[in-house]
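Here is a short tour to keep beside the viewer while you look around.

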Amino acid sequence: MASAARAGAVAPQTTSRPLRAWQQAALDRYEEQAPKDFLVTATPGAGKTTFALTLATRLLQRREVGRVIVVCPTDHLRLQWADAADRLGIVLDPGLTNAVGPVRAGTQGYVTTYAQVAGKPMLHAARATAVKTLVILDEVHHAGDGLSWGEAVEEAYGFAARRLCLTGTPFRTKADERIPFVRYEEDGFEGDDGEGGLGLVSRADYTYGYKEALADSVVRPVVFAAYTGTSRWRNSAGEVVAASLSEAGTRSVEMAAWRTALDPKGQWVPHVIAAMDDRITHLREDGGMPDAAGLILASDQDDARAYAKIVRRVTGKAPELILSDDPRASKKIERFAAGSARIAVCVRMISEGVDVPRAAVLAWMTSYRTPLFFAQAVGRVVRARASHETATVFLPAVRPLLGLAASLEKERNHVMPPPKAADPEALDLDPLPPKEREPVGLKQWEALEADARFAHVLHGGTAHTGEGAGPVAVAPEDEDFLGIPGLLTAEQTASLLARRDDELRLRIAQRAHLDDDTGELPLVEDHPDEDLADDAAGRSWRDAAELRREINRLVARVAAKTSRPHGVVHTELRKSVPGPPSASASVDVLRARRERLRTML
């Protein structure tokens, strides 16, 4: 209780950054209702974090709560939340583990993950009820990733004083898989087996969609550039099958063609990477985004490593390779977000919640195709910094993805009507059922080859190929406005991409002889590990983490000098500088212990 009182005594600062209209409206609604539970659905990039922390600041200042706990999907998001809280004067500890019992002194709460809550729900329940607590459940749909997670969240925070749930997209669940603290309405759904049924859709207390965000210039307009190609593979019967990505007949053939196109040994991947790199160059040189960057989403880590080598071969520069099992993954994301590297390759590390405002291009090279994942991934490249910016998504020309893209286009068209152009035939955009379980064993399927060619630009739910509309005159200085309605028509946009297609194919052929199997992939700019450190001095949670590492190094030196075990040195240190163990000690205690250790050397 004493530590909680000290944390509460630290008055949060109010942000000097003005709130967006939707954030203020959502806060006003919360203030009117003063609810125990509140769900906000806001499109990715709209500023959910700022809204939540502003609300937390107000509740702390009025002493309606004395602690803030944030639960998020990944470890990297813990750092992102803690940094955002620091900017508002709220000290949230992102390094508190289940092995450390009490909340550390000098903080006003902590940031954890759904996995950690599931590991020890009663521990988190004790932390959330020791003082009045606001629990912020970020991307709350993750509490439905497994029944155990949902049960753990309910057990941990069922008695918390206030709960704020956040999500980037409305989500649906089955009737028997409710997510805690969320209200639902009955809604029809199509199941994995293609059969319809009665399900539930989340009911938000405040909603801010892509349509509204686009009208407010909070997000960028998105251009979807689809690439087709012919895939060839050997099936389980040993037969060689060939099919076009955009003309595959049955669902199984379409999935096999899609899977073959994504194989790193084919030509579809390098061709699209070249198109992506070309788009980044245009944005940097002519599009008013000198730091523009792109993201490549891979299906698994093996593909991600292979794609990274292709990026190096095609572009001449190594990308940032970000994998979940890399202990430096979070620091790599931070470096990429703040740096100048052109491309990052990842699996799901940057698919949700991670803030990389300079990322404006996305290459969809994954077999994931759920609406929620698609919306969250596209959300990584739509955060606007200026009104002239656009986002481009390169994707396979397969019906499931085109259907998901069309759903975003529908909202876009409410705000930005398509310019007049030729009226091509509309696509069949009916989405396919969710992906079947992949066959087991290599004998079931073997990729042989796949080529790539530009198919069309998706605009207004219609495919624009750039062909058959006569000559299209576009000045070079206008090319950077790729896809903005009113400046270039969809046909002109498609014509630009189609014109570049042959140039890209030649570029790929010229680089095909390069050996990309030369060993370990180097870092983008060969930064030493020290460059991965944060230079934001004075942030208490970062200071505490660095102090603990320094104390451990000094203890090791003292132990070596005096020939005593590390544990003995730690015990003597706690006697000299009283307080809790270093894992839960405040910054002031840690600094005093560091100075004491220095006198012992």
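Predicted model: local features only at pLDDT ≥ 70, side-chain atom pairs only at ≥ 80, totals over all residues.

Residues are numbered from 1 along each chain as its sequence is written, and side-chain values use heavy atoms, with hydrogens and water left out.

The protein chain holds 18 helices and 20 strands. Helices (H or I, at least four residues) and strands (E, at least two) are DSSP runs, numbered from the N terminus.

**Overall make-up**

- Of the 601 residues in the protein chain, 53% are buried; buried means under 20% relative accessible area, exposed means over 50%, and partly exposed lies in between (1.4 Å probe, protein chains only).
- Among contacts in the protein chain with a separation of 6 or more, 74% come from residues 24 or more positions apart; a contact means heavy atoms within 4.5 Å.

- β13 runs parallel to β16, and 6 bridges join them; two strands pair if DSSP finds at least two bridges between them.
- Within that pairing, V361 in β16 stands opposite G294.
- β13 also pairs in the parallel sense with strand β15 (residues 343-346), over 4 bridges.
- Here I296 has V345 in β15 as its bridge partner.

**An open antiparallel sheet**

- 3 strands form an open sheet with antiparallel pairing, in the order β12-β11-β18.
- Its edge strands, β12 (240-244) and β18 (445-450), each pair on one side only.
- From one strand to the next, the twist averages 25°; axes are lines fitted to C-alpha atoms, for helices over the stretch in contact, and angles run from 0 to 180 degrees between N-to-C directions.
- Strand β11 (residues 230-235) and β18 run antiparallel and are joined by 5 bridges.
- One of the paired positions is N235, whose bridge partner in β18 is W445.

**Aromatic pairs and a cluster**

- The structure holds 10 aromatic pairs; rings of Phe, Tyr and Trp (its six-membered ring) pair if their centres lie within 6.5 Å, and planes under 30 degrees apart count as stacked, over 60 as edge-to-face and the rest as tilted.
- One of them joins Y227 and F394, with ring centres 5.9 Å apart and planes at 45°, so this pair is tilted.
- That pair links distant parts of the chain, with Y227 in strand β10 (residues 222-228) and F394 in strand β17 (residues 391-396), 167 residues apart.
- Y227 counts as buried at 1% relative accessibility, and F394 counts as buried at 1% as well.
- W364 and F374 form a tilted aromatic pair too, at 5.0 Å centre to centre with 50° between the planes.
- W364 lies in strand β16 (residues 359-365) and F374 in helix α13 (residues 371-378), so their pair ties together parts that are 10 residues apart in sequence.
- Both W364 and F374 are buried.
- One aromatic cluster is made up of F224, W364, Y368, F373 and F374.

**Charges over rings**

- R127 has its charged end over the ring of Y110, 5.0 Å from the ring's centre; a charge sits over a ring if NZ of Lys or CZ of Arg is within 6 Å of the ring centre and within 35 degrees of the ring normal.
- R163 lies over the face of F181, at 4.0 Å from the ring centre.

**Two threonines in helix α3**

- T57 lies in helix α3 (residues 48-61), and with a relative accessible area of 4% this threonine is buried.
- The T57 side chain reaches the backbone oxygen of L53 at 2.8 Å.
- T50 also lies in helix α3, and at 28% relative accessibility T50 counts as partly exposed.
- Leaving aside neighbours within four places in sequence, T50 is in contact with L19 and Q23.
- T50 and R87 are 37 residues apart along the chain, and their C-alpha atoms are separated by 10.0 Å.

Methods:
Polar contact = N/O pair within 3.5 Å; in protein donor to acceptor, adjacent residues only side chain to side chain.
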